[in-house]
Amino acid sequence: MNLCYAVVLFSCLILALVQKSSAIYCYQCNSNEETYCSELFNREGLVIEPTVCDGIYEAKFCIKATGMYEGTIGTRRFCSSRNHGNTCEYVRRPGDEREYRSCIYTCSSDGCNGASTISKSLFPILGSFLSIILLLLFK
């Protein structure tokens, strides 16, 4: 395999994996309004795709919030321009004796907030692929 062929192949792979960088696509729903949007995200029998986050200025992240978030209990999936981190804590509402486990998960690839656990990014996959190509080229 010559170097030119490997570079073209790698470039085609990158273009196939990377969508336009102007906006991220995230699942956007609220379990209080859409029952499929629960923490387990039951999409069985539904055609639900991530949608473009063009309504949020400089959206770069997809968020999944479970438990108590902004005063309501449930699960929300949404777009954000801010990295909220990946944390869980116990929250008690004023006047409520019960504590609620609340978690927030942040990710930065298209549709990443649909899974029960959030995937980080494509960089490890691309790094592995590049390593394989380099190994093949310089055997």
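The legends below describe close-up views of a predicted model.

**View 1. An open sheet of 5 strands.** The strand order is S2-S5-S4-S7-S6, and the pairing is antiparallel. Strand S2 (29-30) and strand S6 (87-92) each have a single partner strand and stand at the edges, so one side of each has no neighbour in the sheet.

**View 2. Strand S7 and its partners S4 and S6.** Strand S4 (residues 61-69) and strand S7 (residues 99-107) run antiparallel and are joined by 5 bridges; Lys64 has Tyr105 in S7 as its bridge partner. S6 and S7 pair in the antiparallel sense over 6 bridges, with Glu89 opposite Ser102 in S7. The hairpin of S6 and S7 has 6 residues between the strands, and Gly95 in this hairpin takes a positive phi near 85°.

**View 3. The disulfide of Cys26 and Cys62.** A disulfide is a covalent bond between the sulfur atoms of two cysteines. The structure holds 5 disulfides, and one of them joins Cys26 to Cys62 with an S to S distance of 1.9 Å. Cys26 lies in strand S1 (residues 25-26) and Cys62 in strand S4, 36 residues apart. The torsion about their S-S bond is about -85°, so this disulfide is left-handed. Both Cys26 and Cys62 are buried.

**View 4. The disulfide of Cys88 and Cys103.** The S to S distance is 2.0 Å. Cys88 lies in strand S6 and Cys103 in strand S7, so the pair ties together parts 15 residues apart in sequence. With a torsion of about 115° about the S-S bond, the disulfide is right-handed. Cys88 is partly exposed at 36% relative accessibility, whereas Cys103 is buried at 4%.

Technical notes. Residues are numbered from 1 along each chain as its sequence is written. This is a predicted model: local features need pLDDT of at least 70, side-chain atom pairs count only at pLDDT 80 or more; totals for chains, interfaces and linings use all residues. Side-chain values use heavy atoms; hydrogens and water are left out. Two strands pair if DSSP finds at least two bridges between them. Helices (H or I, at least four residues) and strands (E, at least two) are DSSP runs, numbered from the N terminus. A disulfide is a pair of cysteine sulfur atoms within 2.5 Å. Buried means under 20% relative accessible area, exposed over 50%, partly exposed in between (1.4 Å probe, protein chains only).
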